[in-house]
Amino acid sequence: MKKILIIGATSAIAEATARIWAQRGDQLFLVARNKEKLEAIADDLRVRGCPKVETYCMDANDVEGHVAMLDAAEHLLSGLDTVLIAHGTLSDQQACQQSVELTMREITTNALSVIALLTLIANRFELQKTGTIAVISSVAGDRGRQSNYLYGSAKAMVTTFTSGLRQRLFKSGVSVVTIKPGFVDTPMTAEFKKGLLWASPETIGRIIDKAMLRKCAVVYAPWFWMWIMMIIKMIPECIFKKLSL
Amino acid sequence: MPTQSLTSWGRVLRIEQKVLTFASRFDSLPDSSSGSLLPYGNGRSYGDSCLNAGGIALKTAALDRFIAFDPATGILRCESGVLLAEILRLVVPQGWFLSVTPGTRFVTVGGAIANDVHGKNHHITGTFGCHVHQFELLRSDGQHLICSRTENFDYFTATIGGLGLTGLITRAEIQLRRISNPWIDLETIRYESVDEFLALCEESDRDYEYTVSWVDCASKGNSLGRGLFMRGNHAPAGVERGQYFSKSRTFPFVPPVSMVNALSLKAFNTAYYHKQFRKKTRQLQHYEPFFYPLDGLLEWNRMYGPGGFYQYQCVIPVEYGKEAISELLKEIAQSGMGSFLAVLKVCGSIASPGMLSFPMAGVSLALDFPNQGDKTHQMFSRLDSIVSSAGGRLYPAKDGRMPGNLFRSGYPRHQAFKQYIDPRFSSSFWRRVMEST
């Protein structure tokens, strides 16, 4: 039985993953902004067999509040051994280009708040010499593309940060798992036309769970994105700049 | 708003529709005036009752949360997009089962209410709607109406069987029934005629919770109306077999032409009828193959080819049951059309609260037909006149073609129902049966 903290618990991917853990009998501490939605998910997880679900309302951008949240999680679950960081917003690239303020806010939500949380969690897990930290990054972080390079660069920061953190914590027996989903059919992507490359949150949830059990380092979700991104990364800049990806 | 190509289980129609994913039961309906609204659950209605050409589909697949389950009373509360399959997975290990289940477990709770589905135990338990304690109906004016037998009863009766037209069901509370284990004590009896089928029903209805029959729709003459009658009960405690492993395969592609044709039909039906040599067999069967034989072959609707198929399901009042069913079977056998799965079932007299509920005391016949254009429609017209003169009606959940006057005469309460339709809701089915002759 694990003691799991989930940040961004109302995201579709986090919810799908939490159901797997609930059915397995793990204890969960759910963090998100919207109390109503959070309680609805907590009720669902209880019915599905979760022996203990606690909820906590917090905006991840409220960095000052992180310590209190972590203390509450460790107190209410009597310790923590697993963390999933899943919060984020899909930035509107066009709007960001017109607004420095929006750009900064998107970077804060998708990168800085994650790094702030990881800094605190890493120190605690390093001390207890055990634990698994999974962070949802994105294939968008593998290469900047004009259609969403703001979101992409925030995720690139997360990917790079977790890579370094993984090395540092390896010595302490703590594993850091970087998840890179491709297109996922969630409310966040409701406006997109769906095609063959799209995956359901349930599929991504199963991949996350498996990757955490196996203590994988970097996982593309689903696997075929590794090949797609490998090709995209190989395109020389002189050609890439002319493409409309 | 993104568009998506939506279809229903019969695959006859495929419509580009605007789609709105409803992700939280606390959200309100979209306020745009860009077309009428209609909930879309898992798309298992056969015809056009879940489609709304030119309108917006409110997809409820993400409303899939349980709210509460009390294993002492069997009362379950959940959101409307929860599949019956998910409910079974949760409650069967805890000794509970759906009070009523249709022939597939891949329908949502909202869809089960909106179509007031029924099952093999209709003669004992009535329809799905008979076991709904309450639900919440989200109306386009922003109201969240709690509907039950004591609160907003008029909306309760309009929404059960209301084809999604009265608003969006966001959550519901349903009553489950106890079971001792997942097994069904099943008897299969071969019968030679519609007379024998009706006699078997009469003999079995009191002592068997579940009765249904497969009828050979390809046989004529002396063997007209032959089939296999199945009756069963939940097995008592202690009567069970080992672990059951759920199996399912997927029909892998859409063949260029229907694989169901006069030749394959005759061959399959003859073989299936003779699969048991004895008059009567008895076995212990797991509930999955018993209730959901077709769920074992995912996407089986592809087998009918690119044209898709129609299902024709009618119910004939008791007094004309025998004659009308024999006539229908004769007509179908003569046409050479029809399908492997033809279901004959006697419905009981328990009234549903639903105003537009389909079942009535009498005999129900359901068959699939590959869509062969005019030829199929001409045969449907002949079947319609038999149903109509016997005072019967067709099932909207299965229908993609019934003439408007057959709907209106079959469902006399449609006039009273109209006032409960949400002014912003509509469906392709509803416009068709209200506007056409």
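1. Leu367(B) is buried, at 0% relative accessible area (buried is under 20%, exposed over 50% and partly exposed in between, with a 1.4 Å probe and protein chains only). Its place is in strand β19 of chain B, residues 362-370 (helices, H or I with at least four residues, and strands, E with at least two, are DSSP runs numbered from the N terminus). Beyond its neighbours within four places in sequence, Leu367(B) is in contact with several residues, including Cys217(B), Tyr310(B), Ile332(B) and Leu341(B) (contact means heavy atoms within 4.5 Å). Gln313(B) is 54 residues away in sequence, yet the C-alpha atoms of Leu367(B) and Gln313(B) are 6.4 Å apart.

2. On the basis of the model: it is predicted, local features need pLDDT of at least 70, side-chain atom pairs count only at pLDDT 80 or more, and totals for chains, interfaces and linings use all residues. Residues are numbered from 1 along each chain as its sequence is written, chains are lettered from A and ligands numbered from 1 in the order in which they are written, and side-chain values use heavy atoms, with hydrogens and water left out.

3. The largest nonpolar core has 112 residues, and Ile87(B), Phe135(B) and Leu365(B) have the most contacts inside it (such a core is a set of buried Ala, Val, Leu, Ile, Met, Phe, Trp, Tyr and Cys residues joined through side-chain atoms within 4.5 Å). Strand β17 of chain B, residues 309-317, gives the largest share of this core, six residues. Leu365(B) is in contact with Val215(B), Ile325(B), Leu328(B) and Val343(B), among others beyond four places in sequence. Another core lies apart from the largest one and has 33 residues, among them Ala18(A), Ala22(A), Ile41(A) and Val184(A).

4. Where chains A and B meet, 15 residues of chain A are in contact with 18 residues of chain B. The area buried between chain A and chain B is about 1400 Å², with 52% from carbon and sulfur atoms (buried area is the accessible area, 1.4 Å probe, that two parts lose on being put together, summed over both). Three salt bridges are counted between chain A and chain B (a side-chain nitrogen of Lys or Arg within 4 Å of a carboxyl oxygen of Asp or Glu). On the side of chain A that touches chain B, α1 (12-24) and α2 (35-47) of chain A each supply at least two residues. The most comes from α2(A), with seven residues.

5. Which residue pairs with Arg19(A) in a salt bridge? The partner is Asp64(B), with the closest N and O atoms 2.8 Å apart. This pair crosses between chains, from helix α1 of chain A to the loop between β4 (56-59) and β5 (66-70) of chain B. Arg19(A) counts as buried at 11% relative accessibility, and Asp64(B) counts as buried at 17%.

6. Arg48(A) and Glu86(B) also meet in a salt bridge, at 3.1 Å from N to O. Arg48(A) is buried at 7% relative accessibility, whereas Glu86(B) is partly exposed at 22%.

7. Within chain B, Arg105(B) forms a salt bridge with Asp295(B), their closest N and O atoms being 3.3 Å apart. The two residues are 190 residues apart, so the pair links distant parts of the chain. Arg105(B) is buried at 11% relative accessibility, and Asp295(B) is buried at 4%.
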